[in-house]
Amino acid sequence: MLNILLLGVGQCGNRILDSINREAFGGGVVSKYYGKQKFVSNVQTMAINTAVNDLKELRFTKSRDRIHVPYLHGVGANRNVGKDCFENNKELLLRAIEERGDFDVAFVIASASGGTGSSFTPPLIEAMKERYNYNVYGIVVLPFREEGSIYLQNSIFCLKDLMAGSGDGTIIADNEFLKNLGKDIQAAYDGINQTIAQRFLFLLKALDSEMMMVTDLGDFKTVMASGSKLATIGYGEASNNLTIKSTIKQSVSHGGLLFQLDPYKEATRAMMIIEGDKKYLNVNDITTEVDRLSSDIGHVFKGVLLRDGVMPRVLTVLSIGASVELDKLFDIGVQAIGKEQVKKEQIAMQNQSISDKLEGLQPLY
Amino acid sequence: MRKIWIILLVLLMFSGVASAKVEYFYMENNTGLNFMNGYYLIEVIDIKKADFFAIVNLTSDGQSNRYHIRSESSSISTYPWNRINDINASFFTDNSFRMGIDYPDNWSAPVKYTISSATGTKSDSSKVPIIVVTKSVEETDINVGDIIEIKIKTTNTGNETASGVTLTEYMPEGFIRATGSRFPPVVKEKLEPGESDEIYYALEAVKAGTFTIEPTKIEYGTGRKESNSITITVSREVKEKSQLVTEIFIDDNDVMTGDLINMVVKIINNGNASAESVLIEGSVPKGLELEEGDLRQLYKKIESGEYESYSVILKAVDGGNYTVRLKTSYNDDTVGFATSSETISVTKKEKNPVDYWYIILPITGLIVGVVLFTMNRHKEYRY
Ligand SMILES: Nc1nc2c(ncn2[C@@H]2O[C@H](COP(=O)(O)OP(=O)(O)OP(=O)(O)O)[C@@H](O)[C@H]2O)c(=O)[nH]1
Ligand SMILES: [Mg+2]
C-alpha cells in the first residue's frame with residue numbers, strides 16, 4: 001500500500017482537493033456522514049490557502065487538514081507577493097507536512113493563474129524535493145483565456161517555473177478547453193473539478209494495484225519526466241456500442257483529454273491504464289491500438305486491471321512535447337505582458353503631465 | 001477574488017449579448033455548412049494551421065465571397081454575407097478546426113456536407129462500400145412525457161469494408177435526451193461488407209406538436225448517406241381515462257384488545273371513463289384479526305362518477321399501532337396505488353408500557369449512538 005500526500009494550494013487547488021475527497025466518499029452530498037473514503041492507498045490530504053474564507057468553503061476536507069497561511073486576504077493574484085509570503089511561511093508548511101509522516105509520492109494541486117496557488121506551488125515543490133526523497137508532481141489548472149492579462153501572465157510564469165524546477169513533472173488541465181462542462185462558470189468549475197477528481201482517483205487506484213500487465217510508479221515517473229515535464233490525462237469509458245478499441249481512441253481524443261493536444265503528434269511518452277471485465281478486453285485489439293500510438297510517439301506503458309462485470313475504462317497519461325496550444329498560451333501571455341507594460345507607461349506619462357502642469361502652483365483660497 | 005468575479009460577470013454579460021447563439025462546428029477541408037436549404041452556405045477552402053486561420057467561401061443570394069477567419073470573431077458587414085453576424089476559427093489541426101458561427105435565432109441548425117470534387121475519375125469502382133441507413137421508431141403518435149426509442153440501422157451492402165464511419169444526428173425540437181440514454185449515438189467505425197449495426201437512443205417528448213426527426217447522416221471516406229426522417233405527433237392531453245380513489249373509514253381508532261372495529265372501504269371513480277377490472281387487495285396487520293368479510297374485492301366495472309363500497313369487521317388482538325394498507329389496481333393503472341387507513345392504536349388490557357422497555361432501551365441507545373457519530377463527523381469537517 002502506497003503512502004500518498006495530496007496538497008491543494010489556493011482556491012482552485014483547495015476545491016479540486018475537496019472534490020477528490022468527495023469523490024472518494026462516493027460523491028454524495030451527505031456521504032461524509034456515513035461513508036468511508038475508498039482510497040486504495042493511505043492518502044493524506046491538506047488544503048493550504050492564504051484566504052481563510054476559501055478554506056471555510058470546503059465541505060469534504062477535514063478541518064485538521066486545512067492549513068491557513070496568515071496573510072490578510074490572499075495575495076491578490078500577485079506572484080511576487082505570493083513568493084515572499086511562501087518564504088516567510090515555508091517552515092510552518094514543511095512542518096505540517098512532516099507531521100503527516102513519510103510518503104511514497106506527493107501531488108500539489110493549484111491553478112497556474114491566481115496568486116497563492118500559482119506562486120506557492122513551484123517553490124513548495126522545490127522545497128519538498130530538497131528535503132524529502134519522494135517524487136513530487138504538480139497538477140495545474142490553466143485559466144479561461146478571457147480572465148485577463150494578469151492571470152495569463154501568471155500562468156506562463158508558473159509553467160515556466162515548474163518546467164525549469166526540480167519537480168518530477170506536472171499534469172495540466174485547461175479550464176478554457178473544458179469550459180463546455182458547465183453552462184455557467186460555477187457549473188463549469190464543479191464539472192471540471194469533478195472530472196479531474198474522478199480521473200485522478202482512477203490513476204491513484206491504478207498506481208497502487210496489482211495489474212495484469214505492469215505499470216507502476218516507476219513507469220509513471222518516466223512518462224512524467226519526459227518531454228517538457230508537462231503532461232495531461234485522457235479518459236474513455238465504454239458504453240453500449242463502444243468497443244475497447246474505440247474506448248482507447250476516445251481516451252486520446254478531443255473529447256477525452258484535459259488539454260488541447262494531438263497525442264499522435266505532440267505527445268512524447270504515454271502510459272495507458274485499462275480497467276474492465278476480461279470478456280470485454282480483447283488483447284489483440286488492445287495491442288493494435290497501443291501499437292498505433294507507440295509507433296507515433298515512442299514508448300507506451302500499459303497496464304490492465306481486471307474487474308469482474310465492469311465495462312472497460314481507459315486512462316491515458318500523455319507527456320507533452322512540442323505543443324501548438326502551449327505555444328499559443330505563451331504567445332498570448334507575452335502579449336498580455338506587453339499590454340500591461342503599455343498601460344503602466346501611459347499612467348506614468350499621465351502622472352508626469354499632471355505634475356508638470358501643477359509645477360510651481362499652490363492652491364488659492 | 002471578488003473583483004475577478006465582477007470582471008468575469010461583466011465579460012459574460014457582454015459576450016452574452018453579442019454571441020448568445022454562437023455554435024461550434026468541427027470542420028475539415030472540403031466540407032461545408034448548408035443553412036436553410038441553400039439560403040446560406042459556408043465552405044472551407046483551406047486550413048492554415050501554422051498561421052491559425054482558415055479560408056472560407058460564403059455564398060448567399062447566388063453571390064460568393066472569400067473570407068479569412070481567425071480566433072477573434074470577424075463580424076461581416078457586407079450584404080448578403082452579413083446574414084450571419086460573426087464567424088471565427090480556433091483549435092486548428094492539420095486538417096480540421098473549430099468554426100464558431102453566430103447566426104440568427106430563427107434559422108434551423110445547418111447541415112454539414114462534403115464539397116463534391118470532380119468525381120467519377122476513379123475507374124476502380126468495382127470494389128466500393130455502400131452504406132444503407134434507416135431509422136425507425138415503434139410509435140409515432142405519443143403524449144407529452146412519453147419516451148420513444150429510435151433505432152438506427154446501418155448496413156454495408158457494398159463489397160468493400162467501409163471505414164472511418166461517422167454519424168451525425170440532430171436533437172429534434174420538442175424532445176430532450178431521455179435520462180440514461182446516450183446522445184448523440186455513436187456508430188461502429190468499421191463495417192465489413194454485409195455487416196450491419198443497430199444503435200438505439202431514447203428521447204423524451206417535452207412539448208406538444210408535430211416534430212420531425214431529421215435524417216441521420218452517415219459519412220465514410222468519400223461516401224455520404226442519409227436515412228429517412230421521421231415525423232412524430234406529440235399530443236398534450238392524455239386520452240379519456242378512469243381515475244380511482246380509495247378511501248378507508250374506521251369507526252374507532254383507539255381500542256382495547258378484544259374490541260371490534262368496523263371498516264368501510266369506498267372506491268370512487270373521479271376519471272372521465274369507466275374503470276375496469278378493479279382489484280382491491282390487502283392483508284390484515286398482525287395485531288388485528290379479520291372477524292367478518294374479505295379485504296380482497298373485485299369489481300368488473302365502476303362507471304365514471306360512480307363508486308363502490310364494502311365493509312369488514314376487524315378484531316384487535318395485540319397491543320400496538322396498526323394501519324391497514326390496501327392496494328387498488330385497474331385497467332388504467334395496472335401497477336396500482338396504495339391507501340392506508342388512519343392509525344389504529346390498540347392498548348393491551350392488562351400489561352402496561354413498562355413491559356416494552358426491553359425494546360425501547362436498545363433502540364434509544366442506537367439512536368443516541370448514530371446522533372453522536374454524526375455530530376462527531378460534523379465536528380471533524382467543520383472549519
Ligand atoms: N477548474 C477550476 N478552476 C478554478 C476554480 N476556482 C478558481 N479557478 C481558476 O483559478 C484561477 C484563479 O486562481 P485561484 O486558485 O482562485 O487563486 P488563488 O491561488 O486562491 O490566489 P489568490 O486568491 O490570488 O491568493 C482562475 O484561472 C480560475 O478560473 C475551481 O474551482 N475549479
Ligand atoms: Mg484565493
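Student: How much area do chain A and chain B bury between them?
Tutor: In this predicted model, chain A and chain B bury about 2,800 Å² between them, 57% of it on carbon and sulfur atoms. Buried area is the accessible area (1.4 Å probe) that two parts lose on being put together, summed over both.

Student: And how many residues does the contact take from each chain?
Tutor: Chain A gives 33 residues and chain B gives 25 residues, where contact means heavy atoms within 4.5 Å.

Student: How many salt bridges are found across the interface?
Tutor: The rule finds three between chain A and chain B; it asks for a side-chain nitrogen of Lys or Arg within 4 Å of a carboxyl oxygen of Asp or Glu. One of them joins D94(B) to K265(A), at 3.2 Å from N to O.

Student: Changing topic, how many residues does α12(A) have, and what does it reach?
Tutor: α12(A) has 35 residues and reaches 51 Å from its first C-alpha to its last, close to the 51 Å expected at 1.5 Å a residue. That expected span is 1.5 Å times one less than the number of residues. Helices are DSSP runs (H or I, at least four residues), and strands are runs of E (at least two), numbered from the N terminus.

Student: Which residues of α12(A) are buried?
Tutor: They are E325(A), L326(A), L329(A), G333(A), A336(A) and E340(A); buried means under 20% relative accessible area (1.4 Å probe, protein chains only).

Student: What follows α12(A)?
Tutor: G360(A) does, with a positive phi near 75 degrees.

Definitions and conventions. Residues are numbered from 1 along each chain as its sequence is written. Chains are lettered from A and ligands numbered from 1 in the order in which they are written. This is a predicted model: local features need pLDDT of at least 70, side-chain atom pairs count only at pLDDT 80 or more; totals for chains, interfaces and linings use all residues. Side-chain values use heavy atoms; hydrogens and water are left out. Buried means under 20% relative accessible area, exposed over 50%, partly exposed in between (1.4 Å probe, protein chains only).
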